[in-house]
Amino acid sequence: MYEGAAPEELPLFRGLPASRRTDLLRNAMVHSVSPGTVLFEQGDVPNFQLIVLTGSAQLFGRSAEGREVLIEAVRAPDLIIPAAVLTGAPYLMQARVPEPSRFLLIHAAVLRAAVDADPLLAHAVIGSLAHQFRRMVRQIKNLKLRTATQRVGCYLLALSKRQGTPDRAVLPFEKTLIASELGITRESFSRALSSLAQSGIRVDGQTIAILDAPRLAAECTPDPLIDGADAEDFAI
């Protein structure tokens, strides 16, 4: 897990000459924010490229009727929606901060000019875009190829692995929020947990005991092409 670093040590800048890093960071800002802060709204045009130094940001989509769903979480040291920044197009999602976090803000026009001028920086940004694209494809496959129960079971297995506790998973957010990212209602999430009790789990509030991980895996069929390393930005 990324533990945070000075801005000049971010992966985005590692291959750049010191002069290029200095140019990019000369007018950049480090911004510390508290939980609940909205970084931008969907429909806003980017003024800055935000990069997560510590903590995370959650990206939400909202319908015209006001229905809101969690799309994904972005964690350090990733860029937040660089596609919108590079094209100058409106954000398609709102970004909200769920925990104390720090962000590096680089003026969007400065980043675009630097990407145009420096192939090394362009390569690094393309790498970030490629990582985010693969992550989104994994999420779409998870939603379209699995039942609700399979999604919940694989989520619990991935969560326990991320938390380093193979015998349990502690839900990091309220169940409604987790359910929305998995493409189901809170009621469907609860029904899936009840169903998975027959496959080796026990629910105690926010803590899910995994009593029989092989049995749970057999029921939910984890897939490295869905649940692999670059799928870790589900909100787990």
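Which residues is Ser-128 in contact with, leaving aside its neighbours within four places in sequence? The first legend answers this. The model is predicted.

View 1. Ser-128 sits in helix H4, which spans residues 119–145. Its relative accessible area is 10%. Ser-128 therefore counts as buried. Leaving aside neighbours within four places in sequence, the contacts of Ser-128 are Asp-78, Leu-79 and Pro-82.

**View 2. Ser-160 in helix H5.** Helix H5 covers residues 148–163, and Ser-160 is one of them. Ser-160 has 4% relative accessibility, so this serine is buried. Residues up to four places away in sequence are not counted here. Beyond them, Ser-160 touches Thr-165, Pro-166, Arg-168, Ala-169 and Ile-210.

**View 3. The aromatic pair of Phe-40 and Tyr-91.** A search of the whole structure turns up 1 aromatic pair. Phe-40 and Tyr-91 form this pair, and the arrangement is stacked. The ring centres are 3.6 Å apart, with 10° between the planes. Phe-40 belongs to strand S2 (residues 38–40). Tyr-91 belongs to the loop between helix H2 (82–87) and strand S6 (94–96). The pair therefore ties together parts that are 51 residues apart in sequence. Both Phe-40 and Tyr-91 are buried.

View 4. Strands S4 and S5 run antiparallel. They are joined by 7 bridges. S4 takes in residues 56–62, and S5 takes in residues 68–75. Between the two strands lie 5 residues. In this hairpin, Gly-66 has a positive phi near 95°. S5 is mostly covered, with 6 of its 8 residues buried.

**View 5. Phe-60, with Leu-70 and Arg-96.** Phe-60 stands opposite Leu-70, a residue of S5. Arg-96 lies over the face of the Phe-60 ring. The distance from the ring centre is 3.9 Å.

**View 6. The largest nonpolar core.** This core holds 36 residues. Which of its members touch the most others? They are Phe-13, Leu-24, Ile-80, Ile-81, Phe-103, Leu-104 and Leu-121. Several helices each supply at least two residues of the core: H1 (18–25), H2, H3 (108–117) and H4 (119–145). Strands S3 (48–54), S4 (56–62) and S7 (101–107) also each supply at least two.

**View 7. Phe-13 and its contacts.** Phe-13 is among the core members that touch the most others. Neighbours within four places in sequence are again left aside. Phe-13 is then in contact with Pro-7, Glu-8, Arg-21, Leu-24, Leu-25, Leu-104 and Ile-106. Of these, Leu-24 and Leu-104 are also among the members of the largest core that touch the most others.

**View 8. Cys-154 and Cys-220.** How many disulfides does the structure hold? The number is 0. Cys-154 is in no disulfide, and the cysteine sulfur nearest to its own is that of Cys-220. The two sulfurs are 5.2 Å apart, which is too far for a bond. The cut-off for a disulfide is 2.5 Å between sulfur atoms. Cys-154 is buried, at 4% relative accessibility. Cys-220 is buried as well, with a relative accessible area of 1%.

Conventions:
Residues numbered from 1 in each chain as written. Predicted model: local features only at pLDDT ≥ 70, side-chain atom pairs only at ≥ 80, totals over all residues. Heavy atoms only, no water. Phe/Tyr/Trp six-rings, centres within 6.5 Å; stacked < 30°, edge-to-face > 60°. Helix = DSSP H or I, 4+ residues; strand = E, 2+ residues; numbered from the N terminus. Buried < 20%, exposed > 50% of the residue type's maximum accessible area, 1.4 Å probe, protein only. Lys NZ or Arg CZ within 6 Å of the ring centre and 35° of its normal. Core = buried A, V, L, I, M, F, W, Y, C linked by side-chain atoms within 4.5 Å. Contact = heavy atoms within 4.5 Å. Pairing = 2+ DSSP bridges.
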